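Me: I've got a structure open and I'd like to learn how to read it. Please take me through it one feature at a time.

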Amino acid sequence: MSAAAQPPVLPVTFRPTVTRIVLLTTGAALVVALTAIALLLENLSPGEQASFIITGLLFLAALALFSRPKVVADEAGVTVVNLITTRRLEWAEVLRVNLRPGDAWVYLDLADGTSLPAMGIQVGVAKARAIDDARTLRALAERHGTGGGRS
């Protein structure tokens, strides 16, 4: 096991930090810009001003949803938080951690024969970090689970 794959002290949270910062900053900037536009345009009715502000808030909500993914590993297992779903897995359920060339994020091969995307470790703008995080999660799964296979 390489130094990069040494399991960290648990619990550990993996999330695409740069992507999250960009999304939330963009959302906040949209709210500020649309609110400023609504208040500066004097010929808008209060309802039209409100629609500008609500539109900004809806964009912020959507971008906050896209910034939600994370993977939390602890002694008992792993919690995968994707866009709208959260799934708790025991370590024994995780057979393999995969991040193949061309994958947008990590996939977990599960004992029930299915595969679960773990969007909290995504290549995006930080490919090297995603690879390191995938190796770390793989090492944790090998240490705590019944898996051990690699792809």
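Me: Which strand does Gln122 lie in?

Reply: Gln122 is part of strand S7. Helices (H or I, at least four residues) and strands (E, at least two) are DSSP runs, numbered from the N terminus. Keep in mind that this is a predicted model, where local features need pLDDT of at least 70 and side-chain atom pairs count only at pLDDT 80 or more, while totals for chains, interfaces and linings use all residues. Residues are numbered from 1 along each chain as its sequence is written, and side-chain values use heavy atoms, with hydrogens and water left out.

Me: Is Gln122 buried or exposed, and why?

Reply: The general idea is a scale of relative accessible area: buried means under 20%, exposed over 50%, and partly exposed in between (1.4 Å probe, protein chains only). Gln122 comes out at 18%, so it counts as buried.

Me: What is Gln122 in contact with, beyond its neighbours within four places in sequence?

Reply: Contact means heavy atoms within 4.5 Å. With those sequence neighbours left aside, Gln122 is in contact with Pro16, Thr19, Ala104, Trp105 and Ala130.

Me: Which backbone oxygen does the side chain of Gln122 reach?

Reply: That of Met119, at 2.7 Å. This is a polar contact: a pair of N or O atoms within 3.5 Å, where within protein one must be able to donate a hydrogen and the other to accept it, and residues adjacent in sequence count only if both atoms are side-chain atoms.

Me: Which residues lie nearest the centre of the largest cavity?

Reply: Here we meet Gln122 again, along with Pro16, Thr17, Ala126 and Arg129, out of 15 lining residues. Helix H1 (17–40), S7 and H3 are the elements that give two or more residues to that lining. By class, the lining has seven nonpolar, five polar and three charged residues. Ala, Val, Leu, Ile, Met, Phe, Trp, Tyr, Cys and Pro count as nonpolar, Asp, Glu, Lys and Arg as charged, and the others, Gly among them, as polar.

Me: And what lines the largest pocket?

Reply: Its lining includes Leu99, Val123, Lys127, Ile131 and Arg138. There are five nonpolar, one polar and five charged residues in the lining, around about 190 Å³ of space.

Me: Which residues of H1 are buried?

Reply: An α-helix has 3.6 residues a turn, so residues three or four places apart point the same way. In H1 the buried ones are Leu23, Gly27, Val31, Leu34 and Ala38, and their cover includes helix H2 (46–66). In H3 the buried residues include Ala130, Asp133, Ala134 and Leu137, with strands S1 (12–14) and S7 (115–122) among what covers them. Thr136, also in H3, is buried at 11%, and its side chain reaches the backbone oxygen of Asp132 at 2.9 Å.

Me: Last one: is the peptide bond from Leu10 to Pro11 cis or trans?

Reply: Most peptide bonds are trans. The one from Leu10 to Pro11 is cis, with omega near 0 degrees. Pro11 lies in the segment before S1 and is exposed at 62%, in contact with Ala73 and Asp74 once neighbours within four places are left aside.

Note on methods: On a 1 Å grid over the protein atoms alone, a cavity is a set of points where a 1.4 Å probe fits but cannot get out, and a pocket is an open set with protein on both sides within 12 Å along at least five of seven lines; lining residues have an atom within 4 Å of a point. Grid points are joined across faces, edges and corners, and a volume is the space filled by probe spheres set on the points.
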